[in-house]
Every structure is written in C-alpha cells, then in structure tokens.
Amino acid sequence: PKHVSLTTYELRHNRSYWVTIDQLERYGRSASIEAEQTGGQVVVKTGNILAFSVGPIAGAKSGAVRIDGQAFQSLDLDKSCSFQRLANGRWKTGAADLSGQKRHGSSGPITDIFFDNLILVPGTVGTEEDTRFNGQASINTANLFKQENGGLHRGGIRGSNTVDLLFAKDVDLTEEQIRDNNLLLFGTPKSNAIIKRYQGKLPLAFEAGAIRLGDRTYSGERVAVFAVLPHPDNSGRYLAVHGGVTPDAITWGSHLSLQLLPDYLVYDRGKMLEWGFWDNTWKHPRRW
C-alpha cells in the first residue's frame with residue numbers, strides 16, 4: 001500500500017508492510033506512525049517513537065523521506081532505511097544501538113512471555129510450605145491460561161484453549177532449558193533455585209517484609225510481585241518472577257488476568273500497591 005498506519009503499545013507486533021517500529025520512547029503509552037508515499041517522497045509522522053525503519057518499498061528506488069517535517073534527501077528505498085531520534089528531538093539516519101535495551105522479542109509486558117517457548121517453574125528448595133504454595137500458584141496459572149485466557153492471542157476475546165503449558169521443577173531444569181526458554185518462576189531466592197541463581201543479575205530483591213524493585217522498595221505483611229525481566233543469559237528470552245515475602249503471599253494473585261498485565265505489579269493481599277513498566281534499559285520501573 002501507499003499509505004501505512006501502525007499503532008502499538010509494545011514491540012511484539014511492531015511491523016506493518018514496509019514500516020517497522022524499532023523502539024518506543026515510553027512504554028505503557030501507545031506508539032503510532034503514519035507513512036505515505038506521495039509526490040516522489042515518503043512522508044512520516046510519529047508519536048512516542050525513538051527509532052523506526054521504512055522499506056524496502058518495491059519500485060520506490062531513490063527518494064526523499066520527510067519525518068515530522070524534517071527532510072532527508074536521496075535515500076535508497078529499495079532497501080530498509082533506519083532512523084533514530086536524538087535527545088534534542090531531531091532525527092538522524094542509521095539504526096539505533098538497542099543492545100541492553102527493550103526491543104522486538106524482548107520488550108515486555110508480562111503477557112509477551114506466552115508468545116514463545118515458556119516453562120512454568122515452581123520453586124522446590126524452600127520449606128514444605130513454600131513448595132506447596134509455589135506449586136499451587138503454577139497450577140493456577142496454567143489453568144487460568146487454559147480456561148479463561150484463550151483470548152491472549154486472539155485480540156482479547158476471552159475463551160478456552162487446548163494449550164497445556166509446560167511445567168518443570170527448578171531443580172530439574174537442564175542448562176539448555178534454562179537458557180533457551182522463557183521461564184515463569186514461582187517463589188523467591190530462598191525457595192526457587194533459578195531465582196537464587198540469578199538474584200544478583202536482576203533488579204529485584206526480596207527482603208524481610210519488603211520487596212525491592214529497581215530503585216523502589218515496597219513493604220507489607222504479605223506483599224508480592226509479578227514482574228517480567230530480560231533473561232541474563234539469552235537476550236531473546238525472558239525471566240518472569242511471581243513471589244512474595246510469605247509462602248502464601250502469591251495466592252492473592254491466583255486470578256490475575258493474563259491478557260493485560262503490565263511489566264510489573266506489586267500487591268499486598270487484595271490491595272494493589274503499584275503497577276507499571278520498566279524504562280527502555282530495564283532498570284527503572286515507571287508508574288503508569
């Protein structure tokens with residue numbers, strides 16, 4: 001088409017025809033791009049976008065690209081042309097360096113873990129009580145996904161599905177499984193061996209009666225967190241953690257809808273303390 005319009009809240013679905021959104025400015029807000037071939041040039045208007053690409057456009061050959069009023073002349077539109085926005089708001093040509101940043105396939109939110117290989121991993125190295133509640137929470141998640149959230153991949157249309165999510169105990173995972181899959185980990189470093197393995201590499205820590213997420217600390221009698229994070233050993237995979245300061249803290253999250261979760265949410269029993277999205281570098285949580 002001569003005119004491409006794309007709006008998205010995340011980078012899982014970031015491409016339409018010859019337009020690709022490579023990086024958002026801020027997550028939790030919609031990003032939009034309008035691109036139209038007109039009069040021998042491509043006119044682009046953007047919103048909440050830091051990096052994008054246009055092309056290849058069949059038969060376009062050399063042409064000008066005008067982005068938010070800023071013109072670039074004689075670009076080879078037979079190939080993909082990338083652009084990035086500078087701190088002063090001006091655009092420049094060239095692909096943005098997204099190493100260590102959110103990007104397609106690793107941008108969150110929590111729901112993005114269900115689009116690729118996923119293993120539910122209940123922790124089993126804690127107390128008997130820890131193991132029981134971690135196992136119960138993982139089963140609840142699988143049942144909820146199957147019975148109530150069939151619409152996760154169907155535009156939000158609720159309904160059942162026939163998908164059986166995979167389970168594996170934390171102590172039974174092979175190195176290949178740990179590295180090559182999205183892992184939804186239930187527990188804390190004291191009760192889940194995989195969380196303990198990566199605790200120094202994640203912006204998440206469990207303390208006495210409190211949870212530290214990035215540079216913020218949340219306290220509560222049964223405070224719990226559900227958060228998605230980039231996999232420390234595989235930039236194309238995720239680690240998601242659902243754990244609390246007591247073994248039973250995560251049971252209050254047993255009926256969370258899996259369709260519209262953000263990057264993280266923190267709750268204490270029936271009270272939501274905060275929810276939001278990590279910044280582009282996965283370091284600082286931002287309130288929605």
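Me: Which residues have the most contacts inside the largest nonpolar core?
Reply: L183 and L213, in a core of 50 residues. A nonpolar core here is a set of buried Ala, Val, Leu, Ile, Met, Phe, Trp, Tyr and Cys residues joined through side-chain atoms within 4.5 Å. Buried means under 20% relative accessible area, with a 1.4 Å probe and protein chains only. Heads up: this is a predicted model, where local features need pLDDT of at least 70, side-chain atom pairs count only at pLDDT 80 or more, and totals for chains, interfaces and linings use all residues. Residues are numbered from 1 along each chain as its sequence is written, and side-chain values use heavy atoms, leaving out hydrogens and water.

Me: OK, and which strand gives the largest share of that core?
Reply: Strand β17 (residues 223–231), with seven residues. Strands are DSSP runs of E, at least two residues, numbered from the N terminus.

Me: New topic: how many aromatic pairs are there?
Reply: Six in the whole structure. Rings of Phe, Tyr and Trp (its six-membered ring) pair if their centres lie within 6.5 Å; planes under 30 degrees apart are stacked, over 60 edge-to-face, and the rest tilted.

Me: Why is the F52 and F83 pair called stacked?
Reply: Because the ring centres are 5.3 Å apart and the planes sit at 25°. F52 is in strand β6 and F83 in strand β9, 31 residues apart. Both F52 and F83 are buried.

Me: And Y264 with W278, what are the numbers there?
Reply: Their centres are 6.0 Å apart with planes at 55°, so that pair is tilted. Y264 and W278 are both buried too.

Conventions. Helix = DSSP H or I, 4+ residues; strand = E, 2+ residues; numbered from the N terminus.
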